[in-house]
Amino acid sequence: ALLPPILRRVLLKRRLLARCLALTALIGCIIWLAGSFPQPPPPSQSEAPAAQAKDGMVVSSLTPAANQNRQSLPNYRVHIFYYAWYGEPGTDGAWLHWNHSRLPHWNAERARKFSQAGHTPPGDIGANFYPELGPYSSANISVVRRHFAQIRRSGAGTVVVSWYPPGMADENGRPVDRLVPMLLSAAREFQLRLALHIEPYAGRSPANLRRHLRYIAATHARHPAFYRERTRDGRWLPVHYIYDSYRIPHSLWRPLLLGGSLGGSASIRGKPENALMFGLAMSIGDCQTIKESGFDGAYTYFAADGFTQASTRSNWAAMSRQCSAAGVAFAPSIGPGYIDTAVRPWNAENTRQREGGRYYTGGLRAAIAARPAFLSITSFNEWHEGTQIEPAAPRHGYLDYTPRKRDHYLDLTAQYAALFKPDTSAGL
């Protein structure tokens with residue numbers, strides 16, 4: 001029998017409602033199932049899938065950190081050296097590094113001409129500039145977040161932290177490995193990546209370095225903010241800088257860093273601790289030597305133009321070509337200036353004045369013109385050597401950035417990080 005029109009409309013609405021509920025349940029199941037499977041690894045930190053490079057900055061669809069530009073990520077191939085060795089009594093129970101002693105010259109007669117007394121913070125610190133934040137603690141998460149927000153603003157994407165193995169430190173600080181988890185969390189918050197700058201700790205050798213690389217691989221390198229680069233064969237490997245690598249003979253590096261029969265069982269290649277290793281270049285011809293030692297990259301570190309052949313800016317174009325020919329990634333190091341007479345009072349000859357930023361921009365232009373694979377910035381906060389781009393405050397008895405703004409060097413870094421287009425044809 002035909003149903004009345006009103007009843008037919010009621011039944012039709014019920015059928016439509018039932019279908020909508022079924023469709024909603026199906027979509028919910030699909031979303032639940034999708035979340036049950038392992039997620040793919042994060043996009044490349046220098047060549048993110050589905051990302052586009054615009055003026056050297058990588059634009060991606062990743063969720064941005066709070067208060068950051070929602071259109072772009074920093075340039076992960078711009079690396080900046082960072083020091084987490086500072087301390088103050090309120091956080092650490094003592095002054096660390098701000099009270100750095102004045103180091104004696106190796107010539108005893110010359111050393112007698114200069115004071116070797118330590119500094120007495122907070123008014124007197126072991127630096128020629130005074131930080132805007134005052135003499136802070138690297139263990140203070142508020143300080144770290146402030147720093148990483150400034151680094152993010154600078155356009156540099158990878159924070160390279162000075163690192164000693166667990167329980168070890170330099171003579172003016174305390175072990176920094178305990179701070180790495182906090183630094184990784186902050187890096188993730190600000191969409192930065194973190195790598196390690198492995199210092200020449202007491203007794204460092206290829207054998208014990210391999211043990212420490214295993215530790216890093218099993219702990220810090222598992223964090224999503226730990227910096228990795230894609231190799232030519234599609235692997236994602238951590239990047240480690242090895243400071244003063246030249247102190248160990250090249251013949252001793254080869255078993256650790258070369259693969260196959262050349263490395264043997266002592267090699268890191270093909271093992272969980274495998275990584276892209278950057279050695280410190282000192283002379284203009286070091287790219288070939290670094291390659292023969294098994295390193296994957298070369299960096300120059302020193303901010304003083306002319307201090308070594310490798311830190312001499314006029315040599316970078318030739319070094320970049322040599323590294324490319326050797327299959328080694330080149331990472332020239334640029335600094336805004338250099339002055340360390342607060343801790344090495346006899347070293348005024350190596351001072352490099354900032355010239356209102358001209359010294360820095362000259363180095364950045366020279367580095368970019370050399371077409372390297374990476375840029376490395378010396379430094380965010382090595383206050384003892386006056387290479388910091390961290391904001392400094394005017395204070396009697398100290399240098400500052402006047403007439404430029406306190407954040408002048410953050411802005412200069414951002415300008416050139418945006419211009420840098422890395423050469424991806426060599427190494428890795």
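The structure is a predicted model, in which local features need pLDDT of at least 70 and side-chain atom pairs count only at pLDDT 80 or more, while totals for chains, interfaces and linings use all residues. Residues are numbered from 1 along each chain as its sequence is written, and side-chain values use heavy atoms, with hydrogens and water left out.

The secondary structure of the protein comes to 12 helices and 12 strands; helices (H or I, at least four residues) and strands (E, at least two) are DSSP runs, numbered from the N terminus. Of the 428 residues, 53% are buried, where buried means under 20% relative accessible area, exposed over 50% and partly exposed in between (1.4 Å probe, protein chains only). A contact means heavy atoms within 4.5 Å. Among contacts with a separation of 6 or more, 71% are between residues 24 or more positions apart.

Two pairs of helices may be taken next. Helix α4 (residues 141-154) packs with helix α12 (residues 408-419) at an angle of about 40°, their axes being 7 Å apart. Axes are lines fitted to C-alpha atoms, for helices over the stretch in contact, and angles run from 0 to 180 degrees between N-to-C directions. The angle makes α4 oblique to α12; angles under 35 degrees count as roughly parallel, over 145 as roughly antiparallel, 65 to 115 as roughly perpendicular and the rest as oblique. On the α4 side the contact is made by Q150, R153 and S154, and on the α12 side by L410, D411, T413, A414 and A417. By class, these are three nonpolar, three polar and two charged residues. Here Ala, Val, Leu, Ile, Met, Phe, Trp, Tyr, Cys and Pro count as nonpolar, Asp, Glu, Lys and Arg as charged, and the others, Gly among them, as polar.

In the second pair, the axes of helix α7 (residues 250-257) and helix α9 (residues 286-293) come within 7 Å and cross at roughly 50°, which makes α7 oblique to α9. H250, W253, R254 and L257 of α7 meet T289, E292 and S293 of α9. This contact has two nonpolar, three polar and two charged residues.

Helix α5 (residues 180-189) has V180, M182, L183, L184, A186 and A187 as its buried residues. They pack against β3, α4, β4 (156-163) and β5 (193-198). Just after α5, Q191 takes a positive phi of about 60°.

The aromatic residues form another theme. The whole structure holds 23 aromatic pairs; rings of Phe, Tyr and Trp (its six-membered ring) pair if their centres lie within 6.5 Å, and planes under 30 degrees apart count as stacked, over 60 as edge-to-face and the rest as tilted. The rings of Y83 and W85 have centres 4.6 Å apart and planes at 35°, so this pair is tilted. Both Y83 and W85 are buried. Y86 and Y136 form an edge-to-face pair, 5.6 Å centre to centre with 75° between the planes. This pair links distant parts of the chain, with Y86 in the loop between β3 (75-82) and α2 (89-92) and Y136 in the loop between α3 (108-111) and α4, 50 residues apart.

N381, in the loop between β12 (375-377) and α12, counts as buried at 0% relative accessibility. Beyond its neighbours within four places in sequence, N381 is in contact with F81, Y82, Y83, Y86, Y136, H147, Q388 and E390.

Ring pairs also join F81, Y241, Y243, F278, Y299, Y301, F302, F307 and F374 into a cluster. R77 lies over the face of F374, 4.4 Å from the ring centre; a charge sits over a ring if NZ of Lys or CZ of Arg is within 6 Å of the ring centre and within 35 degrees of the ring normal.

The backbone itself deserves a final look. Most residues other than glycine have a negative phi, and most peptide bonds are trans. Y301, however, has a positive phi near 55°, and at 4% relative accessibility Y301 counts as buried. E355 also has a positive phi, of about 55°, but at 43% relative accessibility E355 counts as partly exposed. Cis peptide bonds join P121 and P122, with omega about 5°, and T402 and P403, with omega about 10°.
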